Amino acid sequence: MQWKGRRGSSNVEDRRGKGGGAMIGGGIGGIIILLVVTLLGGGNAGDLLSSLTSVGSETSAPYQETQEEKELAQFVSVVLADTEDVWTGLFREEGLVYEKPTLVLYTDSVQSACGTAGKAVGPFYCPGDKKLYIDLSFYDELRQKFQAPGDFAMAYVIAHEVGHHVQTLLGTTEKQMSGSKRSNEQSVRLELQADYLAGVWANHARDDLGVLEQGDLEEALTAATAVGDDTLQKKAQGYVVPESFTHGTSEQRKRWFYKGFENGTIEGGDTFNAKTL
């Protein structure tokens with residue numbers, strides 16, 4: 001992805017080196033949001049629940065970033081700026097105004113309106129404060145643990161979380177995950193739609209922004225495959241439990257991302273009425 005020397009977003013909040021603070025956000029309600037709505041798929045429920053703890057007050061020591069971390073922070077800022085450009089334009093076409101989200105950089109643990117989360121949850125979006133949260137160490141985890149290297153693999157991760165923000169702005173999250181509708185199947189359909197929306201962004205990053213390079217699409221598809229529920233469960237426990245899926249299989253995640261990449265429109269991603277996923 002061509003990103004160096006390009007505009008970064010001003011909507012980045014750097015909390016690296018600060019503690020997560022005390023649990024907030026309505027206790028179990030915040031946990032449910034994180035469990036059902038916002039996880040990329042890199043962690044499991046046990047990791048999440050063990051990381052949602054009260055960890056004391058924040059520290060204020062200045063964070064000393066490495067050169068690699070500095071470059072990666074610049075990269076995610078540029079990707080966020082690209083999502084802002086694309087979604088502002090797409091919302092305008094629909095007669096809507098796109099509200100830009102804030103991306104929070106943190107280390108180890110972070111406090112959000114959904115509660116306090118540790119980095120074991122992976123990158124996530126909290127609809128309560130409309131912010132994306134990323135510990136940059138996930139980039140190494142993506143390369144090593146998930147075997148999904150490349151800058152566009154990380155761009156897919158960011159675009160997926162921005163997809164959740166788009167769902168929040170359009171009212172999809174509240175509509176689909178409220179009351180009796182909250183279920184694993186609804187969660188899967190919500191996550192696959194976020195993958196679709198990430199693909200929509202990638203389409204415009206290629207055609208309108210012209211920043212994609214050869215191999216970028218393959219990097220994103222590899223990342224989408226790596227975080228499928230079946231792949232993660234197979235690696236963790238040697239077998240899969242389809243009834244427990246919350247994000248979709250590797251094939252489904254890859255399929256919906258690619259569908260969004262091909263279509264480039266919001267309208268083609270109605271996972272909730274799709275007969276097959």
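Here are some questions and answers about this predicted model.

Me: Among contacts between residues at least 6 apart in sequence, what share joins residues at least 24 apart?
Reply: Start with the contacts whose partners sit at least 6 apart in sequence. Then keep those with partners at least 24 apart, and you're left with 75%.

Me: Which helix gives the largest share of the lining of the second largest pocket?
Reply: That pocket holds about 220 Å³ of space. It has 13 lining residues, and the closest to its centre are Thr172, Gln176, Gln193, Asp270 and Phe272. Three helices supply at least two lining residues each: α5 (151–170), α6 (172–176) and α7 (184–207). The largest share is 3 residues, and the helix it comes from is α6.

Me: At what angle do helices α8 and α10 cross?
Reply: Two packed helices are described by the angle between their axes and the distance between the axes. Here α8 covers residues 216–226 and α10 covers 250–263, and their axes come within 7 Å. The crossing is right-handed. As for the angle, it's roughly 145 degrees.

Me: How many residues of that contact are nonpolar?
Reply: On the α8 side, the contact uses Leu217, Ala220, Leu221, Ala224 and Thr225. α10 brings Ser250, Arg253, Lys254, Phe257, Tyr258 and Phe261. Set aside the 2 polar and 2 charged ones, and the nonpolar count is 7.

Me: Where is aspartate 108 found?
Reply: Aspartate 108 has a positive phi near 70 degrees, although it isn't a glycine. Look between β2 (102–105) and β3 (109–112), and you'll find aspartate 108 in the loop.

Me: Is glutamine 147 buried or exposed?
Reply: Glutamine 147 lies in the loop between α4 (138–144) and α5. Its phi is positive too, near 55 degrees, in a residue other than glycine. The cut-off for exposed is over 50% relative accessible area. Glutamine 147 comes in at 59%, so it counts as exposed.

Terms used. Residues are numbered from 1 along each chain as its sequence is written. This is a predicted model: local features need pLDDT of at least 70, side-chain atom pairs count only at pLDDT 80 or more; totals for chains, interfaces and linings use all residues. Side-chain values use heavy atoms; hydrogens and water are left out. On a 1 Å grid over the protein atoms alone, a cavity is a set of points where a 1.4 Å probe fits but cannot get out, and a pocket is an open set with protein on both sides within 12 Å along at least five of seven lines; lining residues have an atom within 4 Å of a point. Grid points are joined across faces, edges and corners, and a volume is the space filled by probe spheres set on the points. Helices (H or I, at least four residues) and strands (E, at least two) are DSSP runs, numbered from the N terminus. Axes are lines fitted to C-alpha atoms, for helices over the stretch in contact, and angles run from 0 to 180 degrees between N-to-C directions. A crossing is left-handed if the near helix is turned anticlockwise from the far one by less than a right angle, and right-handed if clockwise. Contact means heavy atoms within 4.5 Å. Ala, Val, Leu, Ile, Met, Phe, Trp, Tyr, Cys and Pro count as nonpolar, Asp, Glu, Lys and Arg as charged, and the others, Gly among them, as polar. Buried means under 20% relative accessible area, exposed over 50%, partly exposed in between (1.4 Å probe, protein chains only).
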